[in-house]
Amino acid sequence: MTSASPRFFHLHLVSDSTGETLSTVSRAVASRYPTARAIEHSYVMVRDPQQIDRIVASVEQAPGIVLYTIVDPDLAGRLAERCQAIPVPVVSVLDPVNAVFQSYLGDFAAPTIGAQHVLDQDYFQRIEAMNFTIAHDDGALPPNLDQADIVLVGISRTSKTPTSIYLAHRGYRTANYPLVPGVDLPEELIQPTTAFVVGLTAKTDRIIQIRRNRILADTGQPDESDYTDKARVAAEIANARRLCTRQGWPVIDVSRRSIEETAAAILTRYREHKEEEQAL
């Protein structure tokens, strides 16, 4: 039985800033419609009526859903009115949320474009975390592990590096260390540390699949070495789990998790750990 072909539709994303908010929201919603595929048209840094007119002309050529985040009420109104006249569905993504904030806080939002991208302390903390994480990838642990917020350990192909980068983007200084058969843990990981150490693992078949795909992409040749041998990979996973148990490190299975879901699970454990520390 063959699956139905995907249904394509046009999705126009209009922002007076970088468009990151729109992209995140639209993809989160679109993912809930597996039989539909969005053809995205992105318009960013929209700041004048002429840009609005050009966008509307594009929408007329490829009618579809229009989502926007525009602070200026005149520009927002111009876009909404022109789209309704075509007609196509047009939605201000932040207006419902802003209305709740306004009602609850009893105050009006400041008309600031791209306010979430301001160069504040949090921004520079994320930059610092990213620099730290890049410098301490794949076993390059800092001499003083207390400098890290989080340390990820796991065998090869358990998504340590991409998860570390994602956590750094959230502002957490993250290092990662590969568990290699026959190689002892470095002293930095054995000694007590304030860093939160987490073990990442995955199902045997998942690890093998990722390793084979990686080697095939790198060499163009299939791999049948110990690196992808099922019994040896299973032993690697079991040994890594035992090590984490011995060290008292929590373990997260990444087999069916996206990078974002893995990071969310790590941060939940991290916050619980910090709360327990503060309670002592």
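Contact means heavy atoms within 4.5 Å. Axes are lines fitted to C-alpha atoms, for helices over the stretch in contact, and angles run from 0 to 180 degrees between N-to-C directions. Helices (H or I, at least four residues) and strands (E, at least two) are DSSP runs, numbered from the N terminus. The model is predicted: local features need pLDDT of at least 70, side-chain atom pairs count only at pLDDT 80 or more, and totals for chains, interfaces and linings use all residues. Residues are numbered from 1 along each chain as its sequence is written, and side-chain values use heavy atoms, with hydrogens and water left out.

Helix α1 (residues 20-30) lies across β1, β2 and β3. Its direction runs at about 155° to β1. Helix α2 (residues 49-61) also packs on the sheet and touches β1, β2 and β3. The direction of α2 makes about 175° with that of β1.

The sheet itself is open and has four strands, in the order β2-β1-β3-β4. Pairing, which requires that DSSP finds at least two bridges between two strands, is parallel here. Strands β2 (36-43) and β4 (90-92) are the edges, each pairing on one side only. Neighbouring strands are turned by 25° against each other on average, direction ignored. Strand β1 (residues 7-15) and strand β3 (residues 64-69) run parallel and are joined by six bridges. Histidine 12 has valine 66 in β3 as its bridge partner.

Two helix pairs involve α6. Packed helices are described by the angle between their axes and the distance between the axes. Helix α5 (residues 121-135) packs with α6 at an angle of about 160°, the axes being 8 Å apart. The two are therefore roughly antiparallel (over 145 degrees; under 35 counts as roughly parallel, 65 to 115 as roughly perpendicular and the rest as oblique). The crossing of α5 and α6 is right-handed (the near helix is turned clockwise from the far one by less than a right angle; anticlockwise is left-handed). From α5, the contact takes Arg126, Ala129, Met130, Thr133 and Ile134; from α6, Ser164, Ile165, Ala168 and His169. These divide into five nonpolar, three polar and one charged (Ala, Val, Leu, Ile, Met, Phe, Trp, Tyr, Cys and Pro count as nonpolar, Asp, Glu, Lys and Arg as charged, and the others, Gly among them, as polar).

The axes of α6 (residues 160-169) and α10 (residues 259-279) come within 9 Å and cross at roughly 65°. Helix α6 is therefore roughly perpendicular to α10. This crossing of α6 and α10 is right-handed. Pro162, Thr163, Tyr166 and Leu167 of α6 meet Ile259, Glu260, Thr262, Ala263, Ile266 and Leu267 of α10. By class, the contact of α6 with α10 has seven nonpolar, two polar and one charged residues.
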